2 protein chains.
Amino acid sequence: MSAPPYQQLEQEFKRLHAFRGSLSLLRWDAAVMMPRGSADVRGEQLAALETEYHALLTAPRITRLMDRAQANIQVLSDWQIANLREMRRQRDHAIATPVSLISRLTKAASRAEARWLEARQQGKFELFAPHLEEVVNLVRDKAALLGQALNLAPYDALVDEFSPGITTADIDAMFKALSRRLPSLIREAIAVQESRPPLALTGKFPPSKQKALIVEVMKAVGFPFDRGRLDESEHPFTEGVSGDMRVTTRIDPNDVFSGLLGALHETGHAMYDLGLPQEWRDQPVGRDRGMALEESQSLLIEMTVCRSRPFVQYAQPLLAKHFGVGGPEWGAENVYAHLNRVKRGLIRVDADELTYPLHIMLRYELEKQLLSGELAVRNLPEAWNAGMEQRLGIRPPSDVEGCLQDIHWAVGSFGYFPSYALGAVIAAQLYDSLRADVPALDEQLARGEFSGLLDWLRTNVYSLGSKMLVQDLLKGATGKPLSATSFIRYVEAKYLESAESSAAA
Amino acid sequence: MSAPPYQQLEQEFKRLHAFRGSLSLLRWDAAVMMPRGSADVRGEQLAALETEYHALLTAPRITRLMDRAQANIQVLSDWQIANLREMRRQRDHAIATPVSLISRLTKAASRAEARWLEARQQGKFELFAPHLEEVVNLVRDKAALLGQALNLAPYDALVDEFSPGITTADIDAMFKALSRRLPSLIREAIAVQESRPPLALTGKFPPSKQKALIVEVMKAVGFPFDRGRLDESEHPFTEGVSGDMRVTTRIDPNDVFSGLLGALHETGHAMYDLGLPQEWRDQPVGRDRGMALEESQSLLIEMTVCRSRPFVQYAQPLLAKHFGVGGPEWGAENVYAHLNRVKRGLIRVDADELTYPLHIMLRYELEKQLLSGELAVRNLPEAWNAGMEQRLGIRPPSDVEGCLQDIHWAVGSFGYFPSYALGAVIAAQLYDSLRADVPALDEQLARGEFSGLLDWLRTNVYSLGSKMLVQDLLKGATGKPLSATSFIRYVEAKYLESAESSAAA
């Protein structure tokens with residue numbers, strides 16, 4: 001008298017969901033609370049739970065239940081069918097790579113990460129190179145096996161892990177459109193900026209006051225502090241599951257905005273995760289639809305909304321309230337200018353909306369070449385520097401500000417970088433439709449009201465979970481296929497506005 | 001070419017250790033960091049990991065490996081043999097009770113706990129009674145099954161879960177000795193006290209300053225803050241594993257001592273856990289030797305050491321330093337008197353060394369009667385009140401200060417209470433030998449030096465892990481079997497000292 005196969009599968013994945021949530025908490029604690037000397041202990045705990053998770057997901061019983069559920073698919077609802085598909089996707093990814101390869105990759109990545117830190121400290125790429133090479137070789141093997149199992153090109157198989165359904169073709173089309181317009185647009189935007197340089201914003205901003213401001217803004221956005229926390233960590237991140245969401249930011253006492261914007265970026269992730277369909281919260285179909293969409297939600301809040309004039313109108317009095325600042329440099333228009341400065345810089349995480357995609361394009365090309373073998377690891381620094389010179393006209397004075405700046409490759413995350421650029425493009429496309437559907441949006445935001453924004457996102461994005469691929473979700477929400485058109489229009493309008501129109505605003 | 005069976009078992013138990021550590025962190029977080037609304041999510045995570053832990057521990061493969069390792073036991077070292085024995089003990093306990101019974105008990109306990117809280121708030125035992133009855137019935141079933149499997153009387157089987165090797169005979173012998181002396185000793189001690197009442201200690205003690213004091217004292221004791229944390233929680237507790245030890249306390253701004261002593265109690269647990277044999281840290285034989293010994297270590301630090309005159313001599317200048325207090329009431333002798341007041345009270349957790357065992361004796365008798373069926377749950381309040389009157393001469397005005405004060409029975413912890421009294425008795429017996437072996441102990445403590453104390457405990461207690469039963473450990477450390485003699489001598493000397501001798505001290 002056991003339950004039908006599909007219902008048994010739901011029970012199994014409910015258990016897997018509890019494991020995922022536990023793993024997430026162990027990671028959060030490691031970054032926020034854990035004593036310095038406890039990393040080894042935590043490493044063993046994470047490895048044990050991940051191994052068990054993998055074993056449970058790839059057990060023969062799961063495959064048998066999937067086959068039986070599939071054979072009787074006509075009794076399932078469309079959500080259940082989508083859930084079964086997502087269960088299979090997770091299982092397919094997990095089963096495609098032998099545990100021995102994953103384990104070798106995990107260990108190699110752990111060594112490479114340590115050497116990457118060392119190489120950064122000493123400014124010596126050669127300390128890192130042999131370890132990166134080991135990681136590249138193992139990721140290449142993994143991509144080949146994944147690709148075979150999923151019937152995808154190797155690189156596409158890696159992308160599919162992070163953003164299901166996104167292919168190299170999507171990414172290439174996006175980057176082609178962006179590279180046609182962005183280089184000239186950056187020049188024009190910088191020229192506009194230079195015609196009216198903003199006043200400097202200096203001062204000391206005590207962390208406790210910054211935190212009070214951040215909490216006030218996060219509450220206005222709707223972050224539920226009874227089912228989530230805000231803490232500080234070395235790098236901002238979001239961990240947790242719907243029902244217990246942990247957001248962090250990094251607070252710099254010399255910078256009034258970086259802690260706030262970091263927190264708002266993560267709040268964008270958190271609001272998406274919290275808005276996922278409650279009735280599917282412990283099932284694969286109830287999960288976020290991958291990193292490209294995740295990043296679109298964080299960028300939409302941080303970049304599009306919280307660097308807009310209406311938001312500045314709401315936030316500017318809060319700066320006065322929390323820090324007691326005043327004077328012409330704290331006027332709305334000057335604050336707005338600071339939040340939206342375009343600058344050709346070396347560091348991706350500090351980049352603005354316009355130059356950011358160029359940073360990603362460089363990494364995308366280089367990681368494909370590394371995996372195909374076209375580019376040898378030892379030649380990476382030169383290829384990086386040449387690429388920066390070509391794309392942004394600046395050359396890193398050292399590899400620390402060059403190919404050693406990101407952790408992704410050290411830990412084996414290849415195929416992840418495009419999500420960042422896809423996120424920006426998707427955010428702009430969604431925001432186009434959102435503004436059309438919510439005409440009072442700007443007035444609401446200027447009053448610190450985020451419900452119109454969030455209602456639209458809940459209906460059109462959050463509540464769909466992983467029911468469909470991101471391309472289909474986007475078509476449903478905007479009526480159009482994925483394209484860079486909205487993004488280009490958005491940045492053109494924002495960064496080329498004439499001095500007169502902005503002064504009038 | 002697989003490893004020998006014993007080595008395979010070590011691998012399996014290493015994994016189980018990682019699960020235990022993960023569960024411990026999830027519990028710590030729930031009590032210290034978790035947002036209010038996330039309890040359901042955490043409950044699911046704990047249940048999933050506990051179920052998996054149980055499944056891994058009771059898998060047929062483990063039994064087969066144990067049998068094969070046992071058949072080849074001559075190749076094992078004495079530590080390995082002890083480890084194999086402890087592995088079997090864990091497996092035997094886990095396998096004796098069907099998962100269905102454990103699951104029913106977990107759910108009943110969870111309901112009972114909620115109703116216990118409600119009953120306390122409303123002062124109505126009858127709200128709690130039917131749920132306690134359900135728990136008692138299920139614990140009775142569990143005790144019968146455990147007893148059968150372990151060849152022990154049912155109640156002894158429950159005690160064996162918390163303190164392996166301790167039997168009703170040990171407990172009865174201890175309580176017989178204690179009840180012969182304590183009632184009269186309490187009268188005499190109170191008379192001595194009344195002859196020289198201490199001056200009142202009033203004031204406000206800001207939590208941040210209390211925390212600074214606590215951290216300073218914990219550092220002096222040797223708590224490693226690079227592998228552990230101190231936080232605040234509703235009730236003091238210790239969670240974690242060797243390598244990541246989390247201690248909490250509750251800070252009361254009106255009470256200068258309760259937060260410090262709570263933290264020191266937990267530091268006693270933590271120092272024991274941190275001192276367990278490192279080379280066995282992820283194996284059963286590397287674990288603490290049960291709750292009686294655990295409690296002996298916390299009481300030894302909190303009660304015996306940190307309420308002693310030498311400790312007061314060290315701590316008194318710290319009170320002046322952290323709180324700026326002065327005057328005759330903050331003199332060492334007056335502080336000492338406050339730390340060691342004997343008072344017939346209703347609440348166990350507030351009780352002093354002399355009356356505490358009487359609270360435990362009452363609970364021990366009542367829980368045995370509840371399990372045997374001799375006492376019906378509905379008659380518990382009256383039996384409790386009569387017992388308090390008989391033992392301490394006071395009658396609770398309500399069940400909140402009576403049989404509703406402890407959470408233990410609500411959550412199904414029967415057989416646990418005796419550990420507290422055993423802990424006090426064991427602590428005194430160990431301290432007798434410790435003082436004989438470390439003649440300079442008092443001078444060291446008065447200077448805030450704890451290394452002599454801890455070296456002795458490491459050698460004679462901590463480093464032995466679960467290699468032997470607590471009775472054998474005690475014989476090795478003190479040359480004598482478990483007995484209440486040291487405890488009675490200790491409290492007689494401490495509480496009956498004449499006014500003259502104390503003034504001279």
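Author: First, a word on the labels: a helix here is a DSSP run of H or I of at least four residues, and helices are numbered from the N terminus. Keep in mind that the model is predicted.

Let's start with one residue. B:Glu188 belongs to helix α8 of chain B, which covers residues 168-194. Is B:Glu188 buried, exposed or partly exposed? To be buried a residue needs 20 or more other C-beta atoms within 10 Å, and an exposed one has 12 or fewer. B:Glu188 has 15, so it falls in between and counts as partly exposed.

Next, helix α3 of chain B, residues 60-71. With twelve residues at 1.5 Å each, this helix should span 16 Å, and the 17 Å between its end C-alpha atoms agrees with that. Which of its residues are buried? They are B:Ile62, B:Leu65 and B:Ala69. Looking down the helix axis, those buried residues sit within an arc of 65 degrees, so they line one face of α3(B). That buried set packs against α1, α2 and α4 (78-96) of chain B. Turn to the other side of α3(B) and you find B:Pro60, B:Arg64, B:Asp67 and B:Ala71, which are exposed.

Two of those packing partners, α1 and α2, turn up again where the chains meet. Here 30 residues of chain B are in contact with 30 residues of chain A. On the chain B side, the elements giving two or more residues are α1 (5-32), α2 (39-57) and β1 (228-232). By class, that side has twelve nonpolar, seven polar and eleven charged residues.

How do the copies relate to each other? A rotation of 180 degrees, with 0.0 Å of shift along the axis, puts chain B on chain A with an RMSD of 0.0 Å. That is what a two-fold axis does. The contact fits in with this: 100% of the interface residues of chain B are interface residues in chain A too, so the copies meet through the same surface.

B:Asn151 has a phi near 60 degrees, which is positive even though the residue isn't glycine. It lies in the loop between α6 (125-150) and α7 (154-162) of chain B, and its 8 C-beta neighbours inside 10 Å make it exposed. In chain A, A:Asn151 also has a positive phi, of about 60 degrees, and this residue is exposed with 8 other C-beta atoms within 10 Å.

Chain A is divided into domain 1 (5-96) and domain 2 (207-344 + 424-504), with 30 Å between their centres, taken over C-alpha atoms.

Methods: Residues numbered from 1 in each chain as written. Chains lettered and ligands numbered in written order. Predicted model: local features only at pLDDT ≥ 70, side-chain atom pairs only at ≥ 80, totals over all residues. Domains from an automatic or database assignment. Least-squares fit on C-alpha atoms with pLDDT ≥ 70 in both. Contact = placed C-beta atoms within 7 Å. Nonpolar A, V, L, I, M, F, W, Y, C, P; charged D, E, K, R; others polar. Expected span 1.5 Å × (residues − 1). Arc of directions from axis to C-beta.
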